[in-house]
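This report describes the fold and some local features of one chain. The sequence and structure come first, followed by the computed geometry.

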Amino acid sequence: MDDMVLQAQKFINTTYAGVPGIPTVVEDGTTGWDVMYALTRALQYELGITALSDTFGPTTLGKLTTLYPVIDGTNTNANINRIVQSGLYCKGYDGSGISGSYDSTTGSSVTQLKANMGVAATFPGNGVTPKVFKALLTMDPYVLISGGSDQVRAIQQWMNASYINRANFFIIPCDGYFSRDVQKALMFAIQFAIGYDDATANGVFGPGTQAGLKANTLSVGSSGTFVQLFTAAMVFNKRSGAVFSSSFGSDLADAVSNFQSFVRLPVTGTGNFQTWASLLVSTGDPSRSGTACDCVTEVTADRAAALKASGYSIIGRYLTNVAGTTLNKKIQAGELDTIAGAGLRVFPIYQTYGGSVSYFNHSQGVADASAAIDAAQGYGFKRGTRIYFAVDYDALDADVTSNIIPHFQGIQDRFDQYAAGYKIGVYGPRNICSRVAASGATSASFVSDMSTGFSGNLGFSMPEDWAFDQISTISIGSGTGAIQIDNDISSDRDSGQNTFDPVPTQKLDVAFDTANRDALLADIRATMQSLGVDETTWYTNHSTEDALNVVLQYDSYITGLARSLKMRKSLIQVPIFWEYRKYTYLDDAANTFVQEYYSYMEQMEAWNNMPVWQQLITPVPEMPVGSREDASAGLGQIFAATAISARNYCSSVGITDEATLDASDWHTMETVWNNLYTDNEYNITTAALVHISDAHSIGQRVPGLDYTDAETQAVLARYNGTGDDATEYGVQNLSVYQTFEKYNAPARNL
């Protein structure tokens with residue numbers, strides 16, 4: 001809390017209490033837009049404006065210019081002086097105690113403020129001019145802030161100094177950050193350099209501005225204002241080697257060549273129109289022809305021929321339709337073969353709604369990942385395919401933090417769990433793509449640059465990991481070959497796919513119909529009783545119904561896992577059900593012993609890392625009686641050593657992407673055991689991977705959709721080890737498997 005900001009808030013609330021249109025602000029000593037808006041309304045009130053507004057617009061500026069062209073020590077309106085002083089405190093300058101007297105302290109702070117803005121020479125003296133007042137009542141910083149660039153700040157100050165006297169140019173931040181307002185200011189500056197008068201300049205990259213830039217190609221030896229503006233644009237776009245300058249030298253030509261290569265323009269090393277365009281607007285020159293495209297229309301043989309004839313080689317197509325809509329945008333039966341047969345390639349896009357912040361969250365990301373993986377595998381997209389998940393709205397930066405990054409972390413979590421080899425991409429504006437990539441959740445971006453006005457595009461440079469750049473909507477072909485597409489530039493980061501796995505002839509499992517829950521419970525009870533296991537037993541912790549409830553609680557996860565691994569979900573359900581039902585107080589004791597063991601190991605490690613003098617006065621930790629390194633844990637009662645062996649095997653054959661785990665390192669054992677014990681999804685996934693590893697160990701093929709009862713029984717037996725007890729385990733659990741199949745098989749065959 002800042003005490004003087006608090007005093008500014010008290011000034012607003014006390015002086016303007018009861019004034020219609022000036023709200024009471026929270027007195028918390030924190031600067032925010034609510035304070036700046038209240039000060040703006042207070043100024044309007046002092047100027048005699050009756051329709052008060054948060055906006056410091058033309059009416060406020062005009063009235064201020066007429067009544068107070070300069071506010072300095074001669075000003076006798078104490079409240080206007082207090083508004084100036086309050087604004088100074090909110091900006092971090094000394095406001096002379098909000099005294100109402102424009103004294104030397106106030107004047108010195110204003111002088112410093114104008115110097116920081118870069119307008120001290122344009123507005124000499126210690127007075128506040130109207131445009132300075134407008135800037136004072138914003139949240140814009142005028143000092144370099146953490147992470148900002150000195151070079152960007154120097155350009156910001158230069159633009160303020162050079163153009164502040166133009167009618168529609170207002171003071172921009174001088175914080176070292178490229179932003180939407182800085183981008184708009186740069187466009188105005190370019191129009192002024194072209195020769196626009198104040199009535200014509202509008203900051204829009206229109207035909208006149210484009211014509212002016214086409215007439216001002218820059219190359220080695222060029223100098224002057226256009227070079228300054230061009231190098232400013234290069235610096236704003238974070239181009240390595242770019243330096244703000246009025247001279248175009250060989251170093252700049254090299255930097256330009258690198259930029260042109262990065263955005264896939266012809267490499268000339270000159271500041272030609274297409275290079276200007278790519279620096280100034282997200283689409284760049286929208287008349288460029290891409291080699292990639294995306295569309296919501298089926299690509300038939302005639303359309304594929306038209307696309308290829310027009311120079312396209314990669315096509316983005318949608319994995320699913322959107323529930324509740326009539327648009328049939330998903331890949332159609334046989335379409336992938338048609339595309340590949342025409343010599344084209346495909347990259348998949350997943351989008352349902354995704355049009356507002358409320359859609360995005362971690363759990364929705366998990367659900368979207370499951371649906372996308374399922375659809376991609378259903379079409380035969382191989383491991384190595386990158387799926388682009390869409391964020392198709394103008395998300396604010398705060399939305400990215402609060403919702404979109406967690407959404408993609410949910411996608412990543414599900415991919416990590418059972419989509420080994422598949423990659424995650426993001427479709428969206430530049431800021432979203434860059435920030436999600438920085439979070440580590442994606443490996444490439446499909447940039448929606450066609451939305452030039454999006455706040456996530458304007459003022460943001462091209463993501464470094466861009467794969468596709470969507471710049472225009474066009475129509476190509478004629479007759480049966482006619483198709484409307486979004487024209488995309490390709491960086492060659494993602495070449496798409498042109499071969500596909502066979503679509504399984506066996507049907508995949510589907511979600512359990514909860515209407516059958518009671519019938520399944522009755523059948524599973526009967527099965528267990530036939531095996532000598534009643535609904536409850538005194539020595540176990542869970543009933544048969546408890547065990548079934550756990551299986552059904554994770555039905556969505558188990559179904560997705562089974563579909564991904566192309567095995568029967570019943571095979572995963574059985575050990576989860578059986579082991580949970582058979583859990584006893586002895587298992588509780590074993591878990592406690594393992595926890596005590598690792599607690600001892602951590603204490604011992606800490607003791608070993610102590611200085612010798614501290615070891616001398618600290619007792620050596622003692623291993624608790626009965627403690628043990630490993631025990632069966634979690635829903636599927638899996639040993640850490642078993643989990644490590646199974647996960648390492650599945651990784652070695654490409655079923656998962658997991659790094660090799662070292663069972664000889666107790667830290668690894670502890671981590672895996674804790675995961676098995678506390679993370680039910682990790683445990684369920686491990687149970688499925690154990691089946692795969694077990695099948696290999698007994699010389700059987702990988703569990704598949706057409707597994708026989710004999711193969712199933714053998715794998716279930718191996719889950720419990722070897723020997724007679726394991727054999728009996730397999731026999732018993734085959735009966736449980738068949739009970740689950742009684743409900744799973746009809747559902748998938750509907």
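How many helices and strands are there in the chain? There are 28 helices and eight strands, where helices (H or I, at least four residues) and strands (E, at least two) are DSSP runs numbered from the N terminus. The model is predicted, so local features need pLDDT of at least 70 and side-chain atom pairs count only at pLDDT 80 or more, while totals for chains, interfaces and linings use all residues. Residues are numbered from 1 along each chain as its sequence is written, and side-chain values use heavy atoms, with hydrogens and water left out.

The C-alpha trace spans about 100 × 80 × 55 Å along its principal axes. Of the 750 residues, 54% count as buried; buried means under 20% relative accessible area, exposed over 50%, and partly exposed in between (1.4 Å probe, protein chains only). Among contacts with a separation of 6 or more, 63% join residues 24 or more positions apart, a contact being heavy atoms within 4.5 Å.

**Cores**

A nonpolar core is a set of buried Ala, Val, Leu, Ile, Met, Phe, Trp, Tyr and Cys residues joined through side-chain atoms within 4.5 Å. The largest one has 209 residues, and the members that touch the most others are Phe-133, Met-159, Leu-307, Leu-319, Ile-404, Phe-408 and Phe-415. Helix H10 (residues 225–236) gives this core its largest share, nine residues. Not counting residues up to four places away in sequence, Met-159 touches Ile-164, Phe-169, Ile-172, Val-182, Ala-185, Leu-186, Ala-189 and Phe-236.

**Packing of H1 and H2**

Helix H1 (residues 3–15) packs against helix H2 (residues 33–46) at an angle of about 45 degrees, and their axes are 11 Å apart. Axes are lines fitted to C-alpha atoms, for helices over the stretch in contact, and angles run from 0 to 180 degrees between N-to-C directions. The angle makes H1 oblique to H2, because angles under 35 degrees count as roughly parallel, over 145 as roughly antiparallel, 65 to 115 as roughly perpendicular and the rest as oblique. The contact is made by Gln-9, Phe-11 and Ile-12 of H1 and by Val-35, Ala-38 and Leu-39 of H2.

**Individual residues**

| Residue | Relative accessible area | Class |
|---|---|---|
| Thr-275 | 0% | buried |
| Thr-320 | 17% | buried |
| Ile-98 | 10% | buried |
| Asp-492 | 61% | exposed |

Thr-275 lies in helix H12 (residues 273–280). Leaving aside neighbours within four places in sequence, Thr-275 is in contact with Phe-230, Val-256, Phe-259, Gln-260, Leu-265 and Thr-270.

Thr-320 lies in the loop between strand E2 (314–318) and helix H14 (335–341). Thr-320 and Ile-349 are 29 residues apart in sequence, with 8.6 Å from C-alpha to C-alpha.

Most residues other than glycine have a negative phi. Ile-98, in the loop between helix H4 (78–91) and helix H5 (104–117), has a positive phi of about 50 degrees. Asp-492, in the loop between strand E8 (483–490) and helix H18 (517–530), also has a positive phi, near 75 degrees.
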